[in-house]
Amino acid sequence: MLPSRLVPLVSPILALTIGCSGDRPVNESAESESDRRPWAQGPLLEAVLGATSGADAPLSYIDDAAIDSRGYVYIDDLQTKGVIVLNPDLSYNRTVGREGEGPGEFTSVSAIQILPGDSLFAFDGSLDRVSIFASGSDKPAYVQDLRGEIRHGRVWRFPGSPGYLSWYFPPFMASGSDAGQVRVDILLHLRGEDHSRIDSLFSFASGDVLVERIQDTKGSAVNVARHPFGGRSFVRVLDNSTVVYANSLALEAMSIDVDGAVGRLFSHETLPIDVTRAELKSTADAYSRKFAGMLREGAPYRWPPLLGMVVDDSKRVWLGIRKPDRTNVEWAAFASDGTHVASVDLPAGFMLYAVRGSRLIGAMPDETDLPQFRAYDLPLLESRVAAGGIGTSQ
């Protein structure tokens, strides 16, 4: 059961906005630059492609990635029973861990993180277990079993602190007993020497999904898929005691302190972008017949403004902002005080997973529709920070 002192703090992030669907993207000509990008205090920098992964990297379905101080890339691939490691040039290095339930083994890695000293943190959501590997080691230096009354969906470490951040999301019931109810996810702080003390930090509406419940002679089952035009939440650890939260439905970021203080880092208006009929068709065609029918029945839609969120090693918050022309995504970096530092346009289809210094890493589908990792360099980013003193933690 959840902690008795839990008091939900529902985020004021906007609810899903429904718009008119047409055959053409939103007309940009009627909007000025300041109308489209009211947050744009910093420059739009040019990215240089520095490296790409090859066929030797066993990538299939990327969930998250991280980069250490030496440039090594660590990948949480949902089809891999371990953590894939790429060299700084993105060639394959090794896989940390293997399938199993013993020390250094995994059944399902659901969160990874690089800790101070380049230690690798990995959480197995199926085993409810934390494993920490020293830099360059394939044997865990620390293992912590978190099994208890609560099943933790994702867990991260607060760097320099013994506490954990847990993202709890309620399971779907095949019986349909939760149908029509507002589903709520909760961020929890695990404290104490054995991490048995659990405090609620923040609660928010669960991400929008498509749900199919099946009742037949064999019993009950439930199929769940993410709603491509619905809201989803992004959570990242900012520092030893602070979490950043954002929702894809608004260009807004919240800070949550482990002592319970909640504040808005920044909030900006965005240009609504309608989902065209062609986009709805191509998206629905990628789903099963049942889910495709659900999508078509709910039209028209607007695209959520945000595609993702990253916190870099200088405590800058990067948000992927959808653009009306569909060919690029603007990744905008904000300082921890909410000031816009700089932005970069990266190809649509590229998902940014981590930023360290002036290097941005992420993945996008190749010609065979498998993920390919890419590393982009922003040489002017750090020189701007050094010259202006902006975007760094004090």
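Mentor: Terms first: on a 1 Å grid over the protein atoms alone, a pocket is an open set of points with protein on both sides within 12 Å along at least five of seven lines, while a cavity is a set where a 1.4 Å probe fits but cannot get out; a lining residue has an atom within 4 Å of a point. Keep in mind that this is a predicted model, where local features need pLDDT of at least 70 and side-chain atom pairs count only at pLDDT 80 or more, though totals for chains, interfaces and linings use all residues. Numbering runs from 1 along each chain as its sequence is written, and side-chain values use heavy atoms, with hydrogens and water left out.

Now, the second largest pocket. Its lining has 25 residues, and those nearest the centre are Ile114, Val237, Val311, Asp312 and Asp313. The volume comes to about 630 Å³, taken as the space filled by probe spheres set on the points, with grid points joined across faces, edges and corners. Sorted by class, you get 16 nonpolar, seven charged and two polar residues in the lining of this pocket. Here Ala, Val, Leu, Ile, Met, Phe, Trp, Tyr, Cys and Pro are nonpolar, Asp, Glu, Lys and Arg are charged, and the others, Gly among them, are polar. Strands β3 (62–67), β9 (109–115), β19, β23 and β27 (351–356) each put at least two residues into that lining. Helices (H or I, at least four residues) and strands (E, at least two) are DSSP runs, numbered from the N terminus. The protein has 29 strands and four helices.

How many aromatic pairs does a search of the whole structure find? There are 13, where rings of Phe, Tyr and Trp (its six-membered ring) pair if their centres lie within 6.5 Å, and planes under 30 degrees apart are stacked, over 60 edge-to-face, the rest tilted. Phe229 and Trp303 make an edge-to-face pair because their planes meet at 75°, with ring centres 4.9 Å apart. This pair bridges distant parts of the chain, 74 residues apart: Phe229 is in the loop between β18 (219–226) and β19 (233–237), Trp303 in the loop between α3 (289–298) and β23 (306–311). Both of these residues are buried, meaning under 20% relative accessible area, as against over 50% for exposed and in between for partly exposed (1.4 Å probe, protein chains only).

Phe266 and Phe334 are a stacked pair, 4.1 Å centre to centre with 20° between the planes. They too link distant parts of the chain, Phe266 in β22 (residues 262–268) and Phe334 in β25 (residues 328–334), 68 residues apart. Phe266 and Phe334 are each buried. Elsewhere, ring pairs tie Trp156, Trp167, Phe169, Phe202, Phe204 and Tyr245 into a cluster.

The loop between α3 and β23 also holds Pro300, and a cis peptide bond, omega about 5°, joins Ala299 to Pro300. Lys315 isn't a glycine, yet its phi is positive, about 65°. With a relative accessible area of 28%, Lys315 is partly exposed. Arg326, in the loop between β24 and β25, has a positive phi as well, near 70°. For context, most residues other than glycine have a negative phi, and most peptide bonds are trans.

Back to β22: Leu265 is in that strand and is buried at 17% relative accessibility. Its C-alpha is 6.4 Å from that of Asp337, 72 residues away along the chain. Neighbours within four places aside, Leu265 has contacts (heavy atoms within 4.5 Å) that include Val244, Met254, Val317 and Asp337. In β18, Ala225 is buried at 14%, and beyond four places in sequence this alanine contacts Val209, Leu210, Tyr287 and Phe291.

The search finds one cavity of 30 Å³ or more, and the largest cavity has a volume of about 50 Å³. Among its lining residues are Tyr74, Arg94, Asp118 and Phe133, and by class the lining has five nonpolar, three polar and two charged residues.
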